[in-house]
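Dear colleague,

I am passing on the structure below, which is a predicted model, so please read what follows with that in mind.

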Amino acid sequence: MGLTGLLPIVVLGSAYGAVTLREQRAALDRQAALASRSTARLVGREIAATMDAVKMISRSPTLDGGINRPRFTLLGLRLLEDHPEWAALSVADSDGNRLLDLPRPIGGKLGKVVDPVSLARAVRTRRPQVGHVIHGAGLTAFAVRAPVLNHGAAPYVVSAVVPVTAMQHLVYAEEIPAGWRLRIFDKRGAVIAQSGSVEQEAMRSAVTTVPEAGWHVEVAVPRGSFAALTRQAQLVLIGGSIVALALFAALAFALARELGRFRQRQAATLQAQRLEALGRLTGGVAHDLNNLLTPILGGLDLLRARIGEDAKALRYIDSATSSAERARTLVARLLAYAKRQTLTPEAIDVGALLADLYELLQRSVGPTIACTIRTAPDLPAVRADRNQLELAVLNLVINARDAIKTDGRTAGTIIVETRLPRRDEARGLARGDYLALAVHDDGCGMDAATLRRAMEPFFTTKAGDRGTGLGLSMVHGFAEQSAGRLVLESAPGQGTSAMLILPATDAPAPVLDTLRDRPTRTAEILLVDDDPTVREAAAEVLRAHGHLVAEAESLSQGMAALTGAPETALVITDYMMPGGTGGEFITRARNAGLPQPFLLLTGYTDAAEDLPGDVPQLRKPFRERELLDAVDALLG
């Protein structure tokens with residue numbers, strides 16, 4: 001009898017252990033592959049940027065028909081200041097003889113290049129090349145080379161010598177579990193950078209090629225990561241054997257339930273990793289688009305002021321401005337999903353906000369769909385960004401409208417309600433009070449597969465060009481950034497409920513200020529931004545309204561200009577710049593006793609830990625009026 005009861009436990013325990021091990025190992029393999037690909041992309045971007053810089057130097061007029069040493073030396077030293085990670089900048093002829101090394105001869109004197117293979121390949125292919133890692137002259141480094149092309153020939157090769165230590169920060173950018181190892185190899189297998197350590201031989205490793213350089217990124221997982229899983233399965237098996245006779249039925253049930261929970265946790269972890277990776281991608285794309293849209297909107301505003309009464313030209317400008325504003329809205333949704341938007345949280349009476357929005361919501365859904373608002377009495381205010389909350393409600397209501405029309409009906413019901421969330425609905429959030437704002441519809445609903453992907457950016461079930469796939473992802477990002485969550489419940493044919501849970505607050509809702517007239521005071525302003533198009537657009541707007549604007553393109557230039565011009569009344573600076581950040585610039589200026597106020601221009605500032613809290617920010621892209629209002633506020 002005992003052996004009969006023990007046998008099913010052994011079988012079930014073994015099966016549980018095998019399934020657990022297999023799924024955990026697959027999860028570790030996926031995590032290692034994701035870390036390897038992410039680091040390879042970072043390395044590829046770094047190498048591509050260095051190649052572009054060296055290629056630009058190779059096209060300098062100072063190398064046409066010979067080397068203009070004084071002018072090239074001046075140019076090279078300036079470029080070395082902008083690229084502090086470079087150890088040297090060198091020019092060699094096609095036979096590998098070094099003709100000029102900056103800032104000083106490598107190894108103390110000129111001679112042959114240390115890596116002639118990559119130089120010969122650059123001359124032969126007429127394309128930039130990345131050399132091997134070389135140990136010599138007290139330095140471990142690699143060269144990024146670009147040929148100087150002259151009538152189809154390559155008489156010279158320009159090389160940037162980059163120490164391998166300059167690549168170390170790329171491996172630290174990817175967080176890996178303790179005991180794992182992340183390494184970057186060159187083509188010959190030489191280690192360029194490494195983080196973590198595997199004390200024993202790795203059981204598995206994920207390797208990704210960096211196409212820009214032919215390098216490889218390896219993430220190694222130690223045996224210990226799998227041994228712990230084996231011990232867990234053994235403990236379950238031994239414990240089950242001990243209590244086999246008394247708790248056989250209960251243990252079998254517990255094993256099945258635990259296996260189901262594990263699969264749910266694994267699915268949730270994988271979904272979180274996917275959303276995080278997509279968030280990084282969309283945030284980076286949105287930041288670049290903001291820099292592109294800033295001079296477009298600024299230029300259109302300047303053209304409008306100068307075009308006069310030409311109705312046709314004004315119509316063209318209105319059309320272009322409208323398209324740019326739509327792109328601006330799209331970028332804002334990307335930033336909302338990536339949780340990199342700048343929020344201004346305040347206490348909001350949700351009932352009053354919904355009452356103000358009712359007419360807009362009803363017009364958005366059309367006359368055949370009934371939109372009803374239900375608010376429970378005596379509800380607390382929520383702490384959130386008012387504009388983003390209004391946009392989130394509008395997105396949820398429009399999604400509900402589209403779900404009703406997708407069901408083949410022209411009429412339906414949408415209910416927007418507010419209430420206190422149940423304890424299980426707020427489980428997992430920080431301790432405190434919350435308010436639930438839910439949007440219910442009686443539309444077509446979603447199946448399980450669609451519901452799992454509903455909050456992914458660019459995923460949409462709408463036909464044609466009716467949807468961008470960013471509505472729910474924007475609401476999800478806003479909720480997460482506001483310390484809340486978005487919960488979706490749906491089933492085919494039973495409609496959908498989208499619940500936005502936000503933190504409650506006891507603070508009273510603020511009273512809106514009346515509009516003020518913009519002062520007309522003009523002043524001397526220092527504008528610091530490494531993007532010439534953004535800098536030129538902002539400077540033109542300020543000059544058009546009477547301000548005197550001095551420009552700088554790096555932290556060092558901005559500090560020198562500010563020190564040499566004490567009459568400067570205001571400093572406008574970008575955050576990410578060559579030689580340091582806007583936060584470092586502000587700190588250095590204040591430590592030097594300079595009293596000027598600062599205005600920060602930025603695409604997103606989630607990583608700006610060094611930014612003083614009293615510095616106002618203006619998010620790119622901005623309109624002419626927004627920039628002028630921010631400047632007037634600081635000038636008093």
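The lining of the largest cavity is made up of six nonpolar residues, one polar residue and two charged ones. The residues concerned are Glu46, Ile47, Thr50, Glu85, Trp86, Phe142, Val144, Val162 and Met167, and they surround about 50 Å³ of space. When the whole structure is searched, one cavity of 30 Å³ or more is found. Two elements, helix H1 (2-58) and strand E5 (139-150), each supply two or more residues to this lining, and H1 gives the most, with three residues.

Helix H12, which covers residues 532-544, packs against helix H15, which covers residues 624-635, at an angle of about 65°, and their axes are 10 Å apart. The crossing of H12 and H15 is right-handed.

On the H12 side, the contact is formed by Ala538, Val541 and Leu542, while H15 contributes Glu624, Leu627, Leu628 and Val631. Sorted by class, the contact of H12 with H15 contains six nonpolar residues and one charged residue, with no polar residue among them.

With best wishes

Note on methods: Residues are numbered from 1 along each chain as its sequence is written. This is a predicted model: local features need pLDDT of at least 70, side-chain atom pairs count only at pLDDT 80 or more; totals for chains, interfaces and linings use all residues. Side-chain values use heavy atoms; hydrogens and water are left out. Axes are lines fitted to C-alpha atoms, for helices over the stretch in contact, and angles run from 0 to 180 degrees between N-to-C directions. Helices (H or I, at least four residues) and strands (E, at least two) are DSSP runs, numbered from the N terminus. A crossing is left-handed if the near helix is turned anticlockwise from the far one by less than a right angle, and right-handed if clockwise. Contact means heavy atoms within 4.5 Å. Ala, Val, Leu, Ile, Met, Phe, Trp, Tyr, Cys and Pro count as nonpolar, Asp, Glu, Lys and Arg as charged, and the others, Gly among them, as polar. On a 1 Å grid over the protein atoms alone, a cavity is a set of points where a 1.4 Å probe fits but cannot get out, and a pocket is an open set with protein on both sides within 12 Å along at least five of seven lines; lining residues have an atom within 4 Å of a point. Grid points are joined across faces, edges and corners, and a volume is the space filled by probe spheres set on the points.
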